[in-house]
Amino acid sequence: MRFYYTKLMTKFKNLARFVLILFLLSCTQKEPDFYKVTEINDGDTITVAFKSKGIFPLQIEKIRLIGIDAPELGQKPWGQKAKKHLKKLIEESGYYVKIEFDIQQRDKYGRLLAYLWDTKGRMINYMMVKDGYAFVYTIPPNVKYADKLLEAQKIARQEQKGIWSNKGLKEKPSNWRKKHPRN
């Protein structure tokens, strides 16, 4: 009896995995060029699910938003505020984004580098800067929208939004990272 139960549970687990994979595959691409966001990692990094042609039908990739630098999670409260704002922008897009690459497609940590577009055609990188939740942070050769992002930062500074407000961020994320290096 116990052997039969164990065999039945193994079949059930395999069926559950198969159903989960089918569900994720059906959710990964809304329409051509739009991909399912599975996680908001911080204010300038997300995780996306892709359909793959390889052995595994689903590929998970971290994507770092090009041209911006949001406060680190350890920079309280602005790290959490930036993450929350990025989540809000992604939610407004139904957790689907269009991905646009520039010249260099990966950073030194293996993350994809991309500009993200919501389902309404707005660049999420631009909106993070314009709303005051990220700095412009361009690293050549990925400078396609540098002027547009600088324009957004100018607007945020003039309107004293977010990190540019009186109670804004006290230290740039790049300076904070120098004092708090990754392990």
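Which residues touch the most other members of the largest nonpolar core? They are Ile46, Ile63, Ile99, Leu116, Ile124 and Met128, in a core of 41 residues. Strand 6 (residues 112-117) gives this core its largest share, six residues. The model is predicted. The protein has 183 residues, and 43% of them are buried.

**Overall layout**

- The protein has five helices and seven strands.
- Read from the N terminus, the elements follow the order α-β-β-β-β-α-β-β-α-β-α-α.
- Take the contacts between residues at least 6 apart in sequence: 61% of these join residues at least 24 apart.

- In soluble globular proteins, nonpolar side chains tend to be buried together.
- Ile46 sits in strand 2. Its relative accessible area is 0%, so Ile46 counts as buried.
- Beyond the residues up to four places away in sequence, Ile46 touches Val37, Glu39, Ile40, Asn41, Glu61, Lys62, Ile63, Leu86, Val97 and Leu116. Two of these partners, Ile63 and Leu116, are also listed with Ile46 among the residues that touch the most other core members.
- Ile46 and Lys87 are 41 residues apart in sequence. Their C-alpha atoms are 9.2 Å apart in space.
- Met128 touches Gly43, Ile68, Ala82, His85, Leu86, Leu89, Tyr133 and Ala134, with residues up to four places away in sequence not counted.
- Leu86 is a partner of Ile46, and Leu86 is a partner of Met128 as well.

**Helix 2**

- Helix 2 covers residues 78-92, which is 15 residues. From first C-alpha to last, helix 2 reaches 21 Å, close to the 21 Å expected at 1.5 Å a residue.
- Its buried residues are Trp78, Gly79, Ala82, His85, Leu86, Leu89 and Ile90. They lie on the same side of helix 2, because they cover an arc of only 140° around the axis.
- An α-helix has 3.6 residues a turn, so residues three or four places apart point the same way.
- The cover over the buried residues of helix 2 includes strand 1 (34-42), strand 2 (45-51), strand 3 (58-65), strand 5 (96-100) and helix 3.
- Ala82, His85, Leu86 and Leu89 are among the buried residues of helix 2, and Met128 touches these four.
- Gly94 follows helix 2 and has a positive phi, near 70°.

**Asp118, a buried loop residue**

- Is Asp118 buried or exposed? Asp118 is buried, with a relative accessible area of 2%.
- Asp118 belongs to the loop between strand 6 and helix 3 (124-130).
- A polar atom of the Asp118 side chain lies 2.9 Å from the backbone nitrogen of Lys120. The backbone nitrogen of Gly121 is 3.0 Å from a polar atom of the Asp118 side chain.
- With neighbours within four places in sequence left aside, Asp118 is in contact with Phe34, Ser93, Ile124 and Met127. Ile124 is one of the residues that touch the most other members of the largest nonpolar core.

**Helix 4**

- Helix 4 runs over residues 146-158 and has 13 residues. From first C-alpha to last, helix 4 reaches 18 Å, close to the 18 Å expected at 1.5 Å a residue.
- Ala146, Leu149, Ala152, Gln153 and Ala156 are its buried residues. Their arc around the axis is only 120°, so they are on the same side of helix 4.
- Asp147, Lys154 and Gln158 are exposed on the other side of helix 4.
- The buried residues of helix 4 pack against strand 4 (67-69), helix 3 and strand 7 (135-137).
- Gln160 follows helix 4, with a positive phi near 50°.

- Pro141 is placed in the loop between strand 7 and helix 4. Pro141 counts as partly exposed because its relative accessibility is 38%.
- Pro141 and Ile103 are 38 residues apart in sequence, and their C-alpha atoms are 6.1 Å apart in space.
- Setting aside neighbours within four places in sequence, Pro141 is in contact with Asp102, Ile103 and Gln104.

Key
Residues numbered from 1 in each chain as written. Predicted model: local features only at pLDDT ≥ 70, side-chain atom pairs only at ≥ 80, totals over all residues. Heavy atoms only, no water. Core = buried A, V, L, I, M, F, W, Y, C linked by side-chain atoms within 4.5 Å. Buried < 20%, exposed > 50% of the residue type's maximum accessible area, 1.4 Å probe, protein only. Helix = DSSP H or I, 4+ residues; strand = E, 2+ residues; numbered from the N terminus. Contact = heavy atoms within 4.5 Å. Polar contact = N/O pair within 3.5 Å; in protein donor to acceptor, adjacent residues only side chain to side chain. Expected span 1.5 Å × (residues − 1). Arc of directions from axis to C-beta.
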